[in-house]
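Please keep the sequence and the structure in view while reading.

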Amino acid sequence: MDRADLEMVQAVRQHGSLAQAAQALGLTPSAITRRLAALEASLGVRLFQRTTRRVSPTADGETLSLRAAELLRGFEAAEAELRERQAEPAGPIRLAATFGFGRRWLGPALAAFQAKHPAVSIQLQLTERLPDLAAEGLDGAVWLWSAPDQRAGEWVSRRLAPNRRVLVAAPAYLAVHGAPRTLDDLAMHHCLVVREHTDADPRRQDHWALQHEGDAALRRVAIAGPLSSNSGELVRDWCLAGEGIMLRSLWDIAPRIASGELVHVLPAWSHRDADIHWLAPWQAQSPKRIRLLVTALAEAFRDEPWRPAPALSAASARPGSRRRP
């Protein structure tokens, strides 16, 4: 039994007629009748019941038809992959990413990829809410978290790079308030809070969940401060202006740490829930352009280009006086 036999079985089952199956395959009715009889003889089973009005599969014919469909899809996928390997990747890629990371790191990486593969076009949608990728026709998303639980069975997720959220403050703030030496010291400081929802009760007790280096356990620490916003960029601006301590992703503030504009405080503690991930709707075989893009992004972010070089630490900041807010 070869591929032509499988295609014949599929055509007969689909059309329910030897004459129509022969026409679809470019054969004569007598030729397909002989071929079907020869296949049944070689297998030792009857695959189709013939009447004057219709040809219908037997139980064995139904089983073979289903298996034939699988095998033919495999043939087609293998042929498509071989053709694709010989061709320059081409076609559109539609992506989503968060505003900050998309502008700062993903945008340049996409431009470099497109320059290398000029037949590929890229459309990047910046958003703060993870879209329904398949429903919105998106090929994937570069996101700061893995796939949400309700999508875990529908999407594929690949970590492109590790990322941590760390505690930082401006030298001007530390000069007045001093640097915290323990997590409990944060209670005596202005902590700048990013609130995801604008309708959140401003009187509620906020917490940061932090892990100590080398320890998987989370410690929740209560924090408070007079300034909060749903805009992470605004909170960063407040921190740079010396208004307090913030918890922020390294990819966003590493250059500020390296330049000394911000000081990394309590460096042994961080929040490790914001790794960079590739998310995409599941499919058996992604197009070549998508596979190449994911590989290129993993390579671009592998060494965490945002990771700061050794720079000013809280210990070297002028301690000043410490007071409660």
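Are Phe101 and Trp306 buried or exposed? Phe101 is buried, and Trp306 is buried as well, where buried means under 20% relative accessible area, exposed over 50%, and partly exposed in between (1.4 Å probe, protein chains only).

## Basis of the model

This is a predicted model, in which local features need pLDDT of at least 70 and side-chain atom pairs count only at pLDDT 80 or more, whereas totals for chains, interfaces and linings use all residues. Residues are numbered from 1 along each chain as its sequence is written, and side-chain values use heavy atoms, with hydrogens and water left out.

## Helix 5

Helices (H or I, at least four residues) and strands (E, at least two) are DSSP runs, numbered from the N terminus. Helix 5 covers residues 99-116, and its 18 residues should span 26 Å at 1.5 Å a residue, which agrees with the 24 Å between its end C-alpha atoms; the expected span is 1.5 Å times one less than the number of residues.

At Leu106 helix 5 bends by about 50°, and the proline Pro108 follows within four residues; the bend is the angle between axes fitted to the seven residues ending at a position and the seven starting there. The buried residues of helix 5 include Phe101, Trp105, Leu106 and Phe113.

## Aromatic pairs

Rings of Phe, Tyr and Trp (its six-membered ring) pair if their centres lie within 6.5 Å, with planes under 30 degrees apart counted as stacked, over 60 as edge-to-face and the rest as tilted. By this rule the count comes to 5 aromatic pairs. In one of them, the rings of Phe101 and Trp306 have centres 5.8 Å apart and planes at 75°, so the pair is edge-to-face. Because Phe101 lies in helix 5 and Trp306 in the segment after helix 9 (288-301), this pair ties together parts that are 205 residues apart in sequence.

The rings of Trp105 and Trp306, with centres 5.6 Å apart and planes at 70°, are likewise edge-to-face, and this pair links helix 5 to the segment after helix 9 across 201 residues. Trp105 counts as buried at 12% relative accessibility, and Trp306 does so at 2%. Phe101, Trp105, Trp251, Phe301 and Trp306 form one aromatic cluster.

## Nonpolar cores

A nonpolar core is a set of buried Ala, Val, Leu, Ile, Met, Phe, Trp, Tyr and Cys residues joined through side-chain atoms within 4.5 Å. The largest has 37 residues, and Phe101, Leu160, Ile276, Leu297, Phe301 and Trp306 have the most contacts inside it. Among the elements that give two or more residues to this core are helix 5, strand 6 (155-161), helix 8 (250-259) and helix 9. A second, separate core of 19 residues includes Leu167, Val193, Val221 and Ile223.

## Helix 8 and single residues

The buried residues of helix 8 are Leu250, Trp251, Asp252, Ile253, Ala254 and Ile257. They pack against several elements, including helix 5, helix 7 and strand 12, contact being heavy atoms within 4.5 Å. Just after helix 8, Gly260 takes a positive phi of about 90°.

Ser249, in strand 12 (residues 245-249), counts as buried at 7% relative accessibility. Leaving aside neighbours within four places in sequence, Ser249 is in contact with Asn163, Arg164, Arg165 and Ala274. Thr295, in helix 9, is partly exposed, with a relative accessible area of 48%; Thr295 and Leu160 are 135 residues apart in sequence and 9.0 Å apart in space, C-alpha to C-alpha.
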